[in-house]
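Have the structure open while reading.

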Amino acid sequence: KLYTSSENEKRNRGYLIYYQFINIGAAIGPLICGRLPYSKAFSVAALGMFIAQIIYILTGSFVKTNEEKFLSNNRQHSEPINSNKHKDENIYISIFLCVLIFFFFTTFEQVSALTNILVTDRTDRTIFGFEIPPAWYQVVNPVSIILFVPIINYFTSNVRSLQKIGVGIVITAISNLPLVYGCHLNNCGLLSYWYLAVLNQIIITVGELLVVPISFAAISRYT
């Protein structure tokens with residue numbers, strides 16, 4: 001509703017920026033809770049959610065008022081409603097995008113779970129005598145998202161959404177190669193190198209940014 005059909009790239013950028021700010025909190029969380037006992041870590045997480053709820057209550061009315069003004073102004077310049085044929089096509093495209101997202105997250109979440117096991121039990125996490133807590137590896141993905149969003153926005157501004165999603169899925173598949181090598185080292189009786197897991201997270205982040213927010217933006221456009 002915030003964007004017309006001629007503002008698809010603005011919609012994509014909006015979802016990317018939204019995704020970027022979500023991951024600021026995701027980057028801070030493991031750094032704070034990574035070395036805490038479980039009870040204290042969950043208490044800190046609950047405190048963070050409480051602060052977020054307070055901010056939402058204090059700012060919700062302001063956001064709603066300005067959103068209604070914006071939507072009212074945008075409706076005056078909106079395009080005619082699509083025909084039933086176009087609506088059917090939009091439904092098919094939305095279903096196709098949902099299927100792509102399903103298979104993407106099937107791989108993405110599985111890799112995340114396996115990476116945690118690999119990093120915790122089968123990786124040399126020592127750098128200059130300091131052993132990195134396994135939870136700190138979870139910072140790599142959100143920090144990479146924060147850094148890569150401006151780059152993705154700049155280099156893909158003229159690329160169609162479905163092309164971005166296709167390239168993102170291919171990059172996600174390629175991101176598994178460092179882990180394959182790490183598992184090969186384990187099979188040889190050696191510990192994996194810490195930078196293989198980091199490299200996996202950096203590469204998979206590029207794929208994630210080309211698939212997830214772009215898919216959400218596309219679905220919002222076709223529904």
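Asparagine 23 sits in helix α1, which covers residues 8–33. The model is a predicted one, and the chain has an average pLDDT of 81. A second residue, leucine 97, belongs to helix α3, which covers residues 84–121.

**Asparagine 23**

- Is asparagine 23 buried or exposed? Asparagine 23 counts as buried because its relative accessible area is 7%, and the cut-off for buried is under 20%.
- A polar atom of the asparagine 23 side chain lies 2.7 Å from the backbone oxygen of tyrosine 19.
- When neighbours within four places in sequence are left aside, asparagine 23 is in contact with Asn141, Pro142, Ile145 and Ile146.

**Leucine 97**

- Leucine 97 has a relative accessible area of 0%, so this residue is buried.
- Which residues does leucine 97 touch, not counting those up to four places away in sequence? They are Leu162, Ile165, Ser215, Ala218, Ile219 and Tyr222.
- Between leucine 97 and phenylalanine 216 there are 119 residues of separation in sequence, while their C-alpha atoms are 8.8 Å apart in space.

**Confidence**

- A pLDDT of at least 70 is reached by 84% of the residues.
- Which element of the chain has the lowest mean pLDDT, and which the highest? The lowest mean, 76, belongs to helix α2 (residues 38–75). The highest mean, 90, belongs to strand β1 (residues 123–124).

Note on methods
Residues numbered from 1 in each chain as written. Predicted model: local features only at pLDDT ≥ 70, side-chain atom pairs only at ≥ 80, totals over all residues. Heavy atoms only, no water. Helix = DSSP H or I, 4+ residues; strand = E, 2+ residues; numbered from the N terminus. Buried < 20%, exposed > 50% of the residue type's maximum accessible area, 1.4 Å probe, protein only. Polar contact = N/O pair within 3.5 Å; in protein donor to acceptor, adjacent residues only side chain to side chain. Contact = heavy atoms within 4.5 Å. pLDDT = per-residue confidence, 0-100.
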